[in-house]
Amino acid sequence: MEAQKDRWVSSLVFLLFCASSIPRSGSVGLQQEPSPQHYFSGLEAGKASLAFFTPSVSPGAQPFLEQIESSAEALQDYGISVVKVNCPKEDGSRYCGKENALRKAFLFRGNRLIREFPTDALFDVNSVVANVLFALLFNEVKYVETLADLENIENVLKGKSNMVFAYVPATGTAEHRAVMEAAFVYGTIHQFVLTTEAALLKATSHDDPDVSSAWLLFCHCQRATDPAQPCRRTALGQPLTLLNIHRHLKLMGAPLVTEVAEDPEKVSTVHLQLGLPLVFILSQKQTYEADRRTAEFVAWQLLGKAGVALLSRDLVDLNVLHRSNVALKTPDEGMPVQYLVLEDTDEVVTLVEDKTKVKQIQEDEEEEEEEDEKENNNQDIQDDQVVEAVSRDKKRELPLEQVLVLTEENFHSSLLEAAWTVVLFYASWEAVSLAVLRSYSEVAAQLQGTPGVLLCRVNCWDWPGLCSQENVTQFPTIRIYKEGQQPVTYDGMWGAEELSSFILLSRVSCPLPLATVDEAEEYLRGEFPSELSSHHHTSLLGVFSTASSEAREAFEEAGNILSGHVRMGMYFEDDALALSRKYSVSPPALLLARSGGRSVEGIALSKHSVQDVVQMIRYELLDVFPEITVPNLPQYLQLRKPFLILFSAGDISQMESQEMLKLAKGRAQQAFVACWLNLKKTPVGHGILRKYFSTMPSLPLLLWVNLHAGGQVFKFPPEQPITEVNILSWLEKLQAGLEIPSSTLSEEDWKPPLPAYDFLQMMEPAVPELSPHPGDTPVPHPPQSPGGDTATREEPSQESTAEEVGSPGRDLRGTAPRLAARDKQGKRHGEL
Amino acid sequence: LGLALYAGSLCVVSGATFLYHDYCVIGAGPAGLQAAYFLQQAGRDYVVFERSHAPGSFFALYPRHRKLISINKQYTGKSNSEFNLRHDWNSLLSHDRRLLFRHYSRDFFPNADTMVRYLEDFASLLKLQVQYNVAIIHVTLEKNEQAWNGHYFLLTDQDRKNYKCSSLLVAAGMWVPNVVNFPGSEYVEGYETVSINPEDFAGQTVLILGRGNSAFETAENILGVTNFIHMVSRSRVRLSWATHYVGDLRAINNGLLDTYQLKSLDGLLEGDLEDLAIVKDKKGKLHITLRFYLENRNISAGIDSITLPQDELDNFATRAPYDRVIRCLGWKFDFSIYNRSLRMMPGKGNMKKYPQIKPSYESRGTRGLFILGTASHSVDFRKSAGGFIHGFRYTTRAVHRLLENRHHGVPWPSTVYPITQLTNSIIKRVNEASGLYQMFSVLADIVLLRENATAFEYLEEYPIGILAELEMQTGRKARNGLFVIIMEYGRNFSGADKDVFYYNRAVGEAQHAWQSNFLHPVIYYYKHLPTEREMKLRPPDWPLPRPDAIHHIVEDFLTDWTAPNAHILPLRRFLENCLSTDLRNFFAESCFLFAFTHQKLPPFCQQGYLRMQGLVGSQELRHHAVQAGLLQDYTHTDFSGDRPPNSHDGSQEQLMRDHAIPVRPLQHLVNAKDE
């Protein structure tokens with residue numbers, strides 16, 4: 001935004017510069033002339049100057065002179081010099097002689113007097129500039145008093161050029177000055193018409209106008225073909241300032257509809273440069289004429305608010321919905337072009353107007369924030385939530401009595417003490433390690449008294465040799481050492497609950513071989529083995545016939561990989577066939593008992609590679625219509641599918657649950673993840689909704705989130721009940737591109753939150769040899785005082801310091817001749 | 001098979017029999033044994049030749065007064081074995097924890113006999129292949145296209161036995177005494193043989209030539225019994241605590257400075273020894289005069305005819321006669337055994353005692369010949385610790401790694417980490433690494449970035465002098481930019497004439513870290529590996545050429561660089577800005593939010609949470625994060641309507657920079673950098 005403002009400010013400055021490059025004499029500011037003769041003889045033809053005459057002995061301070069003096073610089077921009085002419089005492093000429101002439105200012109072009117100004121018309125800089133320009137631009141700016149005058153001018157202009165009509169409540173105001181300044185630049189292009197008549201204002205605007213504020217209309221007379229109709233008008237909706245007028249005129253001067261044949265992302269028009277959005281009407285060859293008319297219609301509606309471009313889809317390969325007919329590009333950099341399906345031109349207008357409104361609010365806020373930021377923008381303030389949280393917690397003593405501290409000395413002996421030794425490898429200075437250590441202490445409390453489990457920790461900052469010997473290269477690492485087996489590295493969430501469940505599950509071999517059918521049934525009911533009976537996990541049972549040893553081996557290997565995460569059993573006795581038949585599968589097969597074995601699913605095990613079996617087990621363990629929580633989201637994200645997610649304030653109703661379940665189990669199951677989120681249990685869901693919607697929508701709320709492709713978020717119409725049928729038809733519309741996304745996920749990269757200290761730049765002045773091109777960059781020398789000691793200017797290097805600077809008593813070779821010459825000066829005891 | 005092996009290691013060339021080894025090491029001192037250890041660990045075919053009957057023969061004699069000035073710190077308050085090596089200057093590197101010097105001596109400055117015992121144990125406990133009583137008296141080359149380096153090294157011992165090697169590691173030390181020749185130098189006693197019994201100096205006046213640790217050590221020994229001691233040398237005294245160079249005069253030896261500056265008993269003088277002359281009078285007293293006077297007189301005339309400086313200048317400083325003059329001028333490398341074809345050249349200027357070598361420790365004259373140990377000190381003479389055990393134990397390891405890559409295709413050891421571990425890896429190393437610390441500004445840790453900066457490879461203790469050759473020397477690729485981590489003293493802080501105790505000598509604030517004076521970590525970032533030319537054109541006194549960005553971790557009184565805000569945070573910002581990414585840690589809840597609101601996730605969430613290793617965090621921690629304003633607490637949100645317009649929650653915004661969704665964007669945060 002800032003950048004755009006700069007851009008058009010600079011183009012205005014350029015225009016003013018052109019204007020001011022009219023030759024001018026003398027330096028900026030007020031000129032002094034010793035006498036009227038001197039002044040008049042110096043006047044150049046065609047050059048304007050504003051003069052005022054003062055007796056050389058001033059009869060007292062004249063306040064208006066100060067105003068004239070201070071406007072000298074402003075007028076200089078327009079090539080008008082301001083001259084103070086001193087009247088000699090005895091001068092009795094036209095300008096000096098008369099008493100009242102001394103109370104006036106005179107505007108000359110060459111030596112021709114154009115206008116006299118009474119001092120009360122020149123009350124401030126604005127009035128001086130406005131009045132002087134008004135007088136000079138007599139031809140360019142018509143002053144009208146009646147509607148008839150205005151209509152006459154308009155009629156004359158029709159088909160020829162455009163008109164700028166301005167109403168100012170009074171002359172000499174800032175608005176008047178802005179209009180005159182604009183006229184100075186644009187006066188040759190457009191006809192300027194000015195009035196101060198409130199009646200005229202009322203006649204030209206539709207609703208009841210405020211006569212105390214200025215008003216500017218751009219009348220498109222050049223395009224007007226019908227002499228009976230008045231020219232189309234576009235009002236300037238902003239206060240009359242030079243910048244706003246300039247911007248308005250630039251916009252009016254731009255083509256009504258731009259035809260483009262390239263990717264909208266690359267298109268840039270004057271509108272975008274001026275900070276306005278650009279609307280693309282997507283056109284096709286067949287409908288070109290109609291589209292063009294639509295575009296023009298919209299363009300007239302949006303004139304001054306947005307640009308309109310006609311984009312031919314046949315010429316550009318757009319990767320968007322075929323149904324999209326409008327695209328919106330905002331001037332904010334990095335914002336993707338939005339493609340929309342709109343039905344009515346009014347929708348386009350509303351869209352643009354809403355955007356502008358939002359942006360204005362944002363701009364206001366941004367300004368406030370910038371001020372805040374200046375104070376807060378401190379690189380040395382911690383912005384890492386984990387590091388900050390850990391350091392705020394460092395004074396609290398952790399309840400680590402249950403956790404044995406291991407060292408290089410006792411590590412190996414301690415491993416022999418328990419059946420399962422859990423070891424946390426961490427670094428005492430590292431924040432994530434310390435955060436995990438806190439959860440670890442909770443686990444220790446939970447598992448206290450669990451037979452066979454010993455929790456330990458190794459601080460790798462104390463024992464780096466031990467950690468590298470155990471091949472621990474990252475902190476934190478948790479390993480479970482089992483007697484006589486390879487240690488298992490924990491690879492789950494760093495949370496107390498997840499970790500303790502992992503440790504408990506790890507105690508049972510995975511997969512657990514079951515000896516009898518009864519045991520297998522108990523296992524599926526969650527009653528066997530007793531260690532895990534308190535644990536509510538989905539139980540997985542592999543059933544193998546003696547023939548399917550290949551599948552069994554893969555299953556066993558998969559068990560090793562999934563150990564701690566999955567409860568896996570295995571049955572391969574002779575009567576395996578009977579067991580599998582009960583669940584109507586044939587071995588090799590998996591039996592899946594979800595939550596306490598109320599129902600058992602049978603799945604044929606067709607794949608025999610370990611990787612495939614692991615993949616399959618992981619997939620089968622996912623719920624059909626899960627409640628999404630912080631710990632389980634990653635499992636579902638790995639499916640890389642869009643989410644159909646129901647946000648709910650608490651538990652979802654039976655009806656919704658059933659409908660969603662039907663949907664999830666239905667044919668569309670492969671295409672998306674149907675899930676729900678309990679805002680009570682997962683309050684961070686509020687944060688998500690805040691991001692999606694500017695106002696909090698009513699709950700429950702069903703959303704389609706394209707997490708992995710495009711990032712669009714669609715909102716299920718809240719007025720419709722959440723039923724399978726409604727959702728499916730909504731999804732169909734979605735797929736067909738008939739819905740407008742409510743929001744889009746940010747595409748932004750994760751850049752450094754704040755800059756670093758630029759030591760290279762800080763070092764450069766101090767260490768000149770560091771500059772990038774030692775030859776090219778002149779090293780700034782300190783100003784040398786005459787007779788200054790130049791030898792000390794360069795800092796001698798370390799080596800030479802010792803040998804050169806400390807030289808008075810150093811060199812014997814120099815000493816001998818001096819001795820011979822009987823030079824007795826400066827001998828010190830330290831010298832031979 | 002045994003026969004075949006035997007035949008393989010016996011080469012018959014033009015009648016002479018050669019015993020072949022891939023690697024020959026000359027000298028079983030600390031460097032030779034250190035090299036042998038690494039060769040043995042790698043399973044290489046090597047042999048060490050030692051002319052004495054036991055390792056460390058130099059230490060059997062020197063220092064004459066038997067006190068080592070390398071520190072042997074028993075306690076540091078830390079159990080970190082790597083860190084403790086920073087304060088253990090005598091141990092060699094090995095996996096055997098018995099071989100730590102502190103198990104051999106409890107003295108802070110141990111006795112040299114302990115070193116001999118230690119080296120004997122090192123060689124025997126580790127079963128190193130050392131051949132004692134073999135003095136190599138000649139080394140020459142044999143051209144052979146098949147050989148690793150285009151030639152073999154042929155070694156001949158005192159019994160004319162011949163050995164042949166593909167690579168020669170010279171760890172022979174510096175043992176030839178430096179001698180100055182001037183008229184009367186025959187009256188001078190050498191440090192090697194001078195009596196160490198103070199009784200022998202009672203009531204004598206002594207002049208010592210030299211101003212190193214051996215000279216002061218000699219003076220210290222007799223300080224209490226002499227009339228007075230004068231010391232003369234070319235350059236001013238260089239105190240190691242001012243120069244930060246351990247080879248300069250150590251405080252433990254500087255008792256003479258005390259008596260000189262306090263009561264003017266003993267004294268220091270500067271002068272070039274080459275201009276000196278000593279005349280002995282009839283009473284056996286030694287008088288100092290100048291070679292200049294001797295040249296102007298008739299040689300045959302007696303002592304009385306010699307002009308003494310005090311004849312013309314009656315307050316000449318050293319006009320008093322001396323009873324003894326002792327030479328303590330240090331040692332030089334033994335160049336004599338190398339055939340000319342090896343082009344073993346002495347260095348220039350004050351490096352002439354050292355053979356010329358490259359920063360890779362390879363001889364400038366002969367490929368495949370490496371100089372190890374104290375003789376390799378020309379690389380960092382008067383700068384770092386490469387001339388001392390605590391330094392060259394690391395440079396020897398570096399040479400071994402270079403050789404492993406060059407001859408056996410074993411690339412430089414490295415570990416690959418995800419990018420989230422970058423800050424941690426650097427912090428871990430700068431806090432505990434001993435090689436970086438001892439060999440400051442010579443050995444560097446290198447971080448090689450992988451494509452897209454999602455992972456990196458960490459190489460330890462690579463010689464920065466050959467940074468340009470990194471890909472060839474290590475077998476690793478540096479295509480995507482690199483960080484170089486070294487330790488540095490402040491520029492212009494160290495020097496013989498510097499006041500190292502001035503007020504405000506230490507910097508405390510991270511933003512002024514570049515002005516740190518004491519040893520501190522410095523990280524250089526290069527988008528491309530510097531070229532040979534850039535290395536050559538680097539600013540004088542700079543270890544490396546101008547980087548694309550540089551970071552100094554502010555010096556620390558405890559050399560403990562683990563402070564979250566002063567040390568780690570600025571480092572993270574530096575790394576983030578070099579890599580143009582966000583390296584913050586996030587709780588799982590934040591990652592969850594990002595997953596639903598951003599198409600991309602920060603590396604910590606990508607490499608942790610998304611792989612089901614999110615940091616859940618305890619209740620207390622999340623509470624702290626909320627209080628710090630870095631985490632939003634949504635539990636008490638009413639979802640009835642809008643956010644009140646004035647509820648400015650800047651912290652949340654800090655966390656969630658987002659443009660696409662109409663919540664106040666923080667674009668200026670990003671823009672700030674462009675301006």
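**Helix packing, cores and a loop residue**

In the contact between α2(B) and α5(B), residues P30(B), L33(B), Q34(B) and Y37(B) of α2(B) meet L119(B), F122(B) and A123(B) of α5(B); contact means heavy atoms within 4.5 Å. By class, six of these residues are nonpolar, one is polar and none is charged. Here Ala, Val, Leu, Ile, Met, Phe, Trp, Tyr, Cys and Pro count as nonpolar, Asp, Glu, Lys and Arg as charged, and the others, Gly among them, as polar. This is a predicted model, in which local features need pLDDT of at least 70 and side-chain atom pairs count only at pLDDT 80 or more, while totals for chains, interfaces and linings use all residues. Residues are numbered from 1 along each chain as its sequence is written, chains are lettered from A and ligands numbered from 1 in the order in which they are written, and side-chain values use heavy atoms, without hydrogens and water.

Helix α2 spans residues 30-41 of chain B, and helix α5 residues 112-125 of chain B. Their axes lie 11 Å apart, at an angle of about 20°. Axes are lines fitted to C-alpha atoms, for helices over the stretch in contact, and angles run from 0 to 180 degrees between N-to-C directions. The two helices are therefore roughly parallel (angles under 35 degrees). The crossing of α2(B) and α5(B) is left-handed.

A second pair joins the two chains. From α24(A), the contact uses V684(A), G687(A), I688(A), K691(A) and Y692(A); from α17(B), it uses E589(B), F592(B), L593(B), F596(B) and T597(B). Six of the residues are nonpolar, two polar and two charged.

The largest nonpolar core has 129 residues. Such a core is a set of buried (under 20% relative accessible area) Ala, Val, Leu, Ile, Met, Phe, Trp, Tyr and Cys residues joined through side-chain atoms within 4.5 Å. V139(B), L155(B), L467(B) and V484(B) touch the most other members. Beyond four places in sequence, the contacts of L155(B) include C24(B), F49(B), V139(B) and L168(B). A second, separate core of 77 residues includes L707(A), L745(A), F594(B) and L601(B).

T546(A) lies in the loop between β22 (539-543) and α19 (549-562) of chain A. T546(A) is exposed, at 61% relative accessible area (exposed means over 50%, with a 1.4 Å probe and protein chains only). Beyond four places in sequence, T546(A) touches F572(A) and D574(A).

Methods. Helices (H or I, at least four residues) and strands (E, at least two) are DSSP runs, numbered from the N terminus. Angles under 35 degrees count as roughly parallel, over 145 as roughly antiparallel, 65 to 115 as roughly perpendicular and the rest as oblique. A crossing is left-handed if the near helix is turned anticlockwise from the far one by less than a right angle, and right-handed if clockwise.
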